[in-house]
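Work through the exercises below with the sequence and the model side by side. Try each task before reading its solution.

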Amino acid sequence: MISYEQALSTILETAAPLAQRRVRLEHLLGFVLAEPVLARFELPRFDNSAVDGYGVKLDDIREAGENNPVRLKLTDTIAAGDPGELEIMPGTTAKIFTGAAVPPSCDAVVMREFCEENNGTVTFKRSAAAGENIRRRGEEFASGQEVLPRGIRVTPPVVGLLASFGYPSFPVHEKPRVALVITGDELIKPGLPLSPGQIYNSNAYALQAALTALGIEEFSCYHALDSKRSTRQNLSLALDHADVVITSGGVSVGDHDYVKEVMEELGVKTVFWRIAVKPGKPVYFGTLERSRKKPPRLVFGLPGNPVSVLVTYHQFVKPALLKIMGATETRPRTFSAFTKAALRKKAGRLDFVRGNLQSSEAGTLLVSPARGQESHMLSGLTLADCLIHFALQEELKESNSLIPVQLIDWYS
């Protein structure tokens, strides 16, 4: 067996981003930027008001206060979209709306809430500081400045920022085509009646949901029976069309576990098999070279138990998919929390204990195991919000001990 860190590092060193293409803004969500975003102009493009209020000369309201109100003549209004070219003369004020251009003659904008407008005059009962409520030209970005680095996932704010600079489309990496091969004679499609010894095929739907959550739309799903012929037929179909193949079950050492054997017969090079983790010891990883200067196909053989398949997908497959999509941040982020109860296990494997986080009254981050820790108990993973990293050689973690934890995130 190899360690978790060795396995993850090997996978990420093998995975490579797919080709680039331009995608329009309305379809960009979930892709990964293939190039840095550069500012096409200064942002803001012009001085503008942060509030609805009144533009003033500071000298006119310097002595204004509750007991010394100052009245100025209201001479004009500047709405959003107006050029803002008028000049504010001493003794006068102009109404300025949020986002509207602020003319150079304006020293500050006083919020409307602190003013009273009546019959063409505005009463000020407070002074203002120079530049108050004025967003200055270029204060966020200078023209040509890098706005966003390449390699980040496109989120709604990213789309908005691209649109604010006038980009109608942007280069991104292709998303991978994924094929799922779920093995097992006992598996039945949900909605059909079950016979004795049969179970519903939850892994197919859980993995499809995980791919959808990551923004991958192009995937297929095959069901292989527990025979070498069926395993070979379905794996062959999967390898013909996909950039990434994910199998569930059939990867251990049972009499009907044909996945590893058939993979190698189909030309897949075994990179490693078995990782010192729990759940998920019999994880398989291989590659299949292909022509046309494309990176190799990646093949993941995951266990069949529902928790094992999802945890190993989360810890090993998802980082690889993000790398293929062009992401630069792919490794899980861990932080420390205090255990609410003692943890025990046998040494020899890194345990991914499903857990729940909470804050103490003092603000300390606490973590406790979720109920249902066995690999077939999906309810525990359903209710968990983190994975506790219980180190490989440790057998006991006392209550109130610091321990690494990782948020469960199916979306990024």
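Contact here means heavy atoms within 4.5 Å. This is a predicted model, in which local features need pLDDT of at least 70, side-chain atom pairs count only at pLDDT 80 or more, and totals for chains, interfaces and linings use all residues. Residues are numbered from 1 along each chain as its sequence is written, and side-chain values use heavy atoms, with hydrogens and water left out.

**Exercise 1. Describe the surroundings of Ala15.**

Step 1. Ala15 lies in the loop between helix 1 and strand 1 (20-24).

Step 2. Its relative accessibility is 5%, so Ala15 counts as buried.

Step 3. Set aside the neighbours within four places in sequence. Ala15 then contacts Leu298, Ala320, Lys323 and Ile324.

Step 4. Compare sequence with space. Ala15 and Pro296 are 281 residues apart in sequence, yet 8.1 Å apart C-alpha to C-alpha.

**Exercise 2. Which residues touch the most other members of the largest nonpolar core?**

Step 1. A nonpolar core is a set of buried Ala, Val, Leu, Ile, Met, Phe, Trp, Tyr and Cys residues joined through side-chain atoms within 4.5 Å. In soluble globular proteins, nonpolar side chains tend to be buried together.

Step 2. The largest core has 48 residues, and Phe300, Tyr313 and Leu321 touch the most other members.

Step 3. Find the suppliers. Elements that each give at least two residues include helix 1 (4-14), helix 4 (202-213), strand 21 (297-302) and strand 24 (350-359). Helix 7 gives the largest share, 11 residues.

Step 4. Look for another core. A second, separate one of 19 residues includes Leu28, Val37, Phe165 and Tyr167.

Step 5. Apart from neighbours within four places in sequence, Leu321 contacts Pro176, Val178, Leu211, Leu214, Ile216, Val244 and Tyr313.

**Exercise 3. Classify the aromatic pairs Phe141–Phe165 and Tyr313–Trp410.**

Step 1. Set the cut-offs. Rings of Phe, Tyr and Trp (its six-membered ring) pair if their centres lie within 6.5 Å; planes under 30 degrees apart are stacked, over 60 edge-to-face, and the rest tilted. The count comes to 9 aromatic pairs.

Step 2. For Phe141 and Phe165, the centres are 6.2 Å apart and the planes at 65 degrees: edge-to-face. The two residues are 24 apart in the chain. Phe141 is buried at 11%, and Phe165 is buried at 1%.

Step 3. For Tyr313 and Trp410, the centres are 6.4 Å apart and the planes at 20 degrees, so this pair is stacked. Tyr313 lies in helix 7 (residues 306-324) and Trp410 in the segment after strand 28 (402-407), so the pair ties together parts 97 residues apart in sequence. Tyr313 is buried at 0%; Trp410 is partly exposed at 23%.

**Exercise 4. What is the overall extent of the protein chain?**

Step 1. The chain has 8 helices and 28 strands.

Step 2. The radius of gyration (over C-alpha atoms) is 30 Å, well over the 22 Å that the globule rule gives for 412 residues, so the chain is more spread out than a compact globule. That rule is 2.2 Å times the number of residues to the power 0.38.

Step 3. Along the principal axes, the C-alpha atoms fill a box of roughly 95 × 55 × 45 Å.

Methods
Helices (H or I, at least four residues) and strands (E, at least two) are DSSP runs, numbered from the N terminus. Buried means under 20% relative accessible area, exposed over 50%, partly exposed in between (1.4 Å probe, protein chains only).
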